[in-house]
Amino acid sequence: MAYNSDNDIAGQYSVSFPQGFDYGPEEGEGDPAGGAQDQKPKILVMGLRRSGKTSIQKVVFHKVSPNETLFLESTNKIVKEDVTNCQFFVYHVWDLPAHLDYFDSTFDPELIFGGCGALIFVIDSQDDYMDALSKLHFVVTRVYKMNPKIKFEVFIHKVDGLSDDHKIDAQRDINQRATEDLADAGLDNVHLSFYLTSIYDHSIFEAFSKVVQKLIPQLPTLENLLDIFISNSGIEKAFLFDVVSKIYIATDSSPVDMQSYELCCDMIDVVLDVSSIYGGFDSEPPVYEPRHNRISPLSFDSDSDSDDGEIIPERVNPADSNQRLAVIKLNNGTVMYLREVTKQNCWRLSVY
């Protein structure tokens with residue numbers, strides 16, 4: 001991608017950076033996860049027992065296989081986790097067990113919910129969800145009084161076992177019942193967001209991405225920058241990914257196609273797996289000659305029946321140890337381009 005001049009772009013686009021916008025501390029300037037705990041956004045995960053709360057966190061943040069979550073025990077204490085994979089955005093995730101009452105004298109509800117950015121309530125779609133809706137209504141009415149700025153997110157979970165029609169019916173029914181209950185309580189201004197999720201596909205990563213994006217104050221700026229990037233290139237879609245969790249921090253303003261997002265997630269898995277064999281991201285990757293002059297041991301041609309084509313992890317400039325990238329060409333002509341943006345696992349993934 002080539003630019004004629006910076007002045008030409010400045011004349012066409014207006015980019016404003018919010019106060020405090022930065023990439024996080026460099027090495028030697030302190031831990032990005034450090035500092036005051038209250039400064040990092042907090043996401044609470046709640047729901048009834050066996051609704052899938054712990055399984056979601058294990059799959060999203062610990063790369064646990066969905067099949068392995070079948071052997072997880074129910075959470076019996078509050079589990080706090082710092083998500084510091086990406087320097088663009090660090091945050092807390094708290095897993096709150098279902099059997100505890102966080103509004104009695106044993107706990108300080110202001111400490112738990114007062115500084116919370118988002119509350120995710122997980123509902124098992126394959127179970128009778130009337131009790132879950134009652135618990136959701138109880139939690140929302142209490143928490144909203146303490147923290148009116150909180151985002152309420154509802155994951156209608158385990159939809160992999162439902163037909164497409166049943167998924168839509170369940171979402172419509174849960175949405176209607178929950179909204180009507182809040183209206184009856186005089187909370188018409190409380191907004192609930194609903195997502196159909198499963199740990200057996202990419203829907204859980206998509207839903208978590210949407211939740212995280214709501215807590216990023218620089219999101220409009222990031223989207224604007226990605227729009228400018230697309231406008232000055234031949235790219236169809238661009239994402240800013242945390243490659244560890246496969247949560248995308250931002251994307252351009254065009255609608256997200258689920259198939260493209262799934263391809264991007266699959267590419268991340270392939271690149272991480274191949275790189276772990278041939279050097280990995282934790283060590284210096286090998287330096288290759290320009291693509292047209294070399295045959296890379298990391299390149300391969302797929303079978304004719306596959307959609308995968310050639311994967312080419314390489315370095316743009318051997319002198320720049322921080323600019324790592326990978327390119328995958330699919331047999332249908334689609335080119336997927338993954339490039340590192342920050343030093344700590346935040347990558348831009350583009351689809352041509």
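User: What share of the contacts in the protein chain between residues at least 6 apart in sequence join residues at least 24 apart, and what makes something a contact?

Analyst: Among those contacts, 62% join residues at least 24 apart, where contact means that heavy atoms lie within 4.5 Å. This is a predicted model, in which local features need pLDDT of at least 70, side-chain atom pairs count only at pLDDT 80 or more, and totals for chains, interfaces and linings use all residues. Residues are numbered from 1 along each chain as its sequence is written, and side-chain values use heavy atoms, with hydrogens and water left out.

User: How many helices and strands does the protein chain have, and what makes a stretch a helix or a strand?

Analyst: The chain has eight helices and twelve strands. Both are DSSP runs numbered from the N terminus, with helices (H or I) needing at least four residues and strands (E) at least two.

User: Why is Met46 called buried?

Analyst: Buried means under 20% relative accessible area, exposed means over 50%, and partly exposed is in between (1.4 Å probe, protein chains only). Met46 has a value of 3%, so Met46 counts as buried. This residue lies in strand E1 (residues 42-47), and, leaving aside neighbours within four places in sequence, its contacts include Lys53, Leu96, Phe113 and Val139. Over the whole chain of 352 residues, 47% count as buried.

User: What makes helix H2 mostly covered?

Analyst: Eight of the ten residues in H2 (residues 53-62) are buried, among them Lys53, Ile56, Val60 and Phe61. Just after this helix, Lys63 takes a positive phi of about 55°.

User: How many aromatic pairs does a search of the whole structure find, and why is the pair of Phe103 and Phe113 given the name it has?

Analyst: The search finds 14 aromatic pairs. Phe103 and Phe113 are 5.3 Å apart, centre to centre, with 0° between their planes. Rings of Phe, Tyr and Trp (its six-membered ring) pair if their centres lie within 6.5 Å, and planes under 30 degrees apart count as stacked, over 60 as edge-to-face and the rest as tilted. The pair of Phe103 and Phe113 is therefore stacked.

User: What does the pair of Phe103 and Phe113 tie together?

Analyst: Phe103 lies in the loop between strand E3 (89-95) and helix H3 (109-113), whereas Phe113 lies in helix H3, so the pair ties together parts that are ten residues apart in sequence. Both Phe103 and Phe113 are buried.

User: Why is the pair of Phe239 and Phe241 given a name of its own?

Analyst: Phe239 and Phe241 are 5.5 Å apart, centre to centre, with 50° between the planes, and the pair is therefore tilted. Phe239 is buried at 0% relative accessibility, and Phe241 is buried with a relative accessible area of 0%.

User: How do you know that Lys237 lies over the face of Phe239?

Analyst: A charge sits over a ring if NZ of Lys or CZ of Arg is within 6 Å of the ring centre and within 35 degrees of the ring normal. Lys237 lies over the face of Phe239 at 5.7 Å from the ring centre, and Lys42 lies over the face of Trp94 at 4.2 Å.

User: Where do helices H4 and H5 meet?

Analyst: Residues of H4 including Met130, Leu133 and Val140 meet residues of H5 including Ile174, Ala178 and Leu182.
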